[in-house]
Amino acid sequence: MDIKDKIRKLKKERNAVILSHYYQHIEVQEIADFIGDSFELAKKAKEAKEDVIVFCGVYFMAEGAKILNPTKTVLLPVKEAGCPMADMVTAEDVMELRKKYPDAAVVTYVNSTAEVKAVSDICCTSSSAVRIVNSIPNKRIIFVPDENLGRYIAKQVPDKEIIPYSGYCQVHQRVTVQDVEAVRKAMPDALLLVHPECVPEVVEKADFVGSTTQIINKALESKNKDIIIGTEVGVVDFLKKKTSDKNFYLLSPKMICANMKKTSLKDVLNSLENNVHEIEIEQEIMDKAFSSLDRMMNV
Ligand code: SF4
């Protein structure tokens with residue numbers, strides 16, 4: 001029996017569902033019951049009927065699954081698969097900002113810890129951020145932790161005052177205007193799709209800006225044969241597997257998330273065999289973080 005068969009067998013025995021983010025290794029995506037971006041996976045986790053949710057992603061995503069579906073056993077195969085951006089802001093930082101701007105609402109990107117979600121008014125994903133900000137009556141919005149996404153939202157919602165925190169995603173932040181110019185020169189007719197976690201100068205030069213799923217949909221719908229993907233390499237792997245009718249290129253070889261790539265098939269098997277790593281969150285934090293996430297799901 002090969003490793004994939006072993007995982008499938010164990011998954012059945014334990015009544016488990018495997019969720020994988022698009023940024024995971026392609027072989028991990030292949031074993032998953034569902035592949036998605038953070039919002040889609042949160043939705044799937046919330047609706048899951050199985051006893052066990054194996055979350056192939058990073059820590060904050062598995063935490064989100066536990067918060068949204070607390071009676072389930074939620075497993076993150078590699079405990080050390082964290083998100084440096086999520087760790088850039090603490091609950092104390094948010095409370096300081098609240099003191100400084102008492103009239104502001106706190107909108108928190110899902111790429112954040114449960115503690116930070118617990119002191120926020122509402123969460124958002126990159127696909128829902130503009131909609132969420134528009135749904136809030138406050139004129140002033142504290143946006144944590146991603147500064148680039150905060151600046152992108154500020155442009156889309158000019159009647160609000162967005163106060164972005166100074167966090168960033170290392171994977172998207174690494175891409176420069178020079179990288180864009182180089183691919184434009186090499187492939188002048190190709191379509192460039194980028195994630196709003198990239199710096200504003202890169203975002204400005206894109207043909208389309210969107211969340212991971214929006215990028216995937218745009219790439220598949222486009223009539224253009226050559227598509228440059230400005231987000232993590234896993235999306236290119238996913239698209240190449242999905243269709244051979246088009247050519248997909250990564251905007252920069254720097255766009256690899258080391259944390260997303262920590263999970264292997266061996267880890268998924270080990271997770272199911274030995275119940276590692278089980279996500280546990282303090283009840284009070286869980287309840288408060290649920291409110292922020294649930295408000296997001298309902299907008
Ligand atoms: S790609 Fe960026 S935001 Fe996503 S998990 Fe990796 S470091 Fe965090």
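Visitor: Of the 13 residues around the ligand, which come nearest?

Guide: Val58, Cys83, Cys169, Val171 and Cys257 come nearest among the 13 residues around the ligand. Here a residue is near a molecule or strand if its C-beta atom, placed from the backbone, lies within 6 Å of it. Before going on, note that this is a predicted model: local features need pLDDT of at least 70, side-chain atom pairs count only at pLDDT 80 or more, and totals for chains, interfaces and linings use all residues. Residue numbers start from 1 along each chain as its sequence is written.

Visitor: How does the shell around the ligand divide by class?

Guide: The shell around the ligand holds nine nonpolar, three polar and one charged residues. Ala, Val, Leu, Ile, Met, Phe, Trp, Tyr, Cys and Pro count as nonpolar, Asp, Glu, Lys and Arg as charged, and the others, Gly among them, as polar.

Visitor: What domains does the domain assignment give for the chain?

Guide: The bounds come from an automatic or database domain assignment. That assignment gives domain 1 (3-82 + 260-280), domain 2 (86-168 + 289-298) and domain 3 (175-250). The centres of domain 2 and domain 3, taken over C-alpha atoms, are separated by 26 Å. Eight residues from domain 2 and eleven residues from domain 3 take part in the contact between them, where two residues are in contact if their C-beta atoms, placed from the backbone, lie within 7 Å. On the side of domain 2 that touches domain 3, two residues are nonpolar, four polar and two charged.

Visitor: What is the strand order in the open sheet of four strands?

Guide: In general, strands of a sheet pair through backbone hydrogen bonds, either parallel or antiparallel. In this open sheet of four strands the order is 10-9-11-12, and the pairing is parallel. Strands (E, at least two residues) and helices (H or I, at least four) are DSSP runs, numbered from the N terminus; two strands pair if DSSP finds at least two bridges between them. Strand 10 (208-209) and strand 12 are the edge strands, each pairing on one side only.

Visitor: Which residues are bridge partners in strand 11 and strand 12?

Guide: Take strand 11 (residues 226-230) and strand 12 (residues 247-250), which pair in the parallel sense over four bridges. Isoleucine 228 has tyrosine 249 of strand 12 as its bridge partner, and isoleucine 229 has leucine 250. Strand 9 (residues 191-194) also runs parallel to strand 11, joined by four bridges. There, leucine 191 is partnered by isoleucine 227 of strand 11, while leucine 192 stands opposite isoleucine 228.

Visitor: Is strand 11 mostly covered or mostly exposed?

Guide: Burial is counted from neighbours: a residue is buried if 20 or more other C-beta atoms lie within 10 Å of its own, exposed if 12 or fewer, and partly exposed in between, with C-beta atoms placed from the backbone. Strand 11 is mostly covered, as four of its five residues are buried.

Visitor: What unit do strand 11, helix 13 and strand 12 make?

Guide: Strand 11, helix 13 (residues 233-242) and strand 12 make a right-handed β-α-β unit. Right-handed says that, with the strands pointing away from the viewer, the path from the first strand over the helix to the second runs clockwise.

Visitor: Where is asparagine 275, and why does it count as exposed?

Guide: Asparagine 275 sits in the loop between helix 14 and helix 15. This residue counts as exposed because it has 12 C-beta neighbours inside 10 Å. Its phi is near 60°, a positive value in a residue other than glycine. Asparagine 15, in the loop between helix 1 (3-13) and strand 1 (16-21), also has a positive phi, about 50°. Asparagine 15 is exposed because its C-beta neighbours inside 10 Å number 11.

Visitor: Which peptide bonds are cis?

Guide: One of them runs from valine 144 to proline 145, with omega near -10°. Proline 145 lies in the loop between strand 7 (140-144) and helix 8 (147-156). Another cis peptide bond joins valine 276 and histidine 277, with omega about -25°. Histidine 277 is in the loop between helix 14 (265-274) and helix 15 (283-298).
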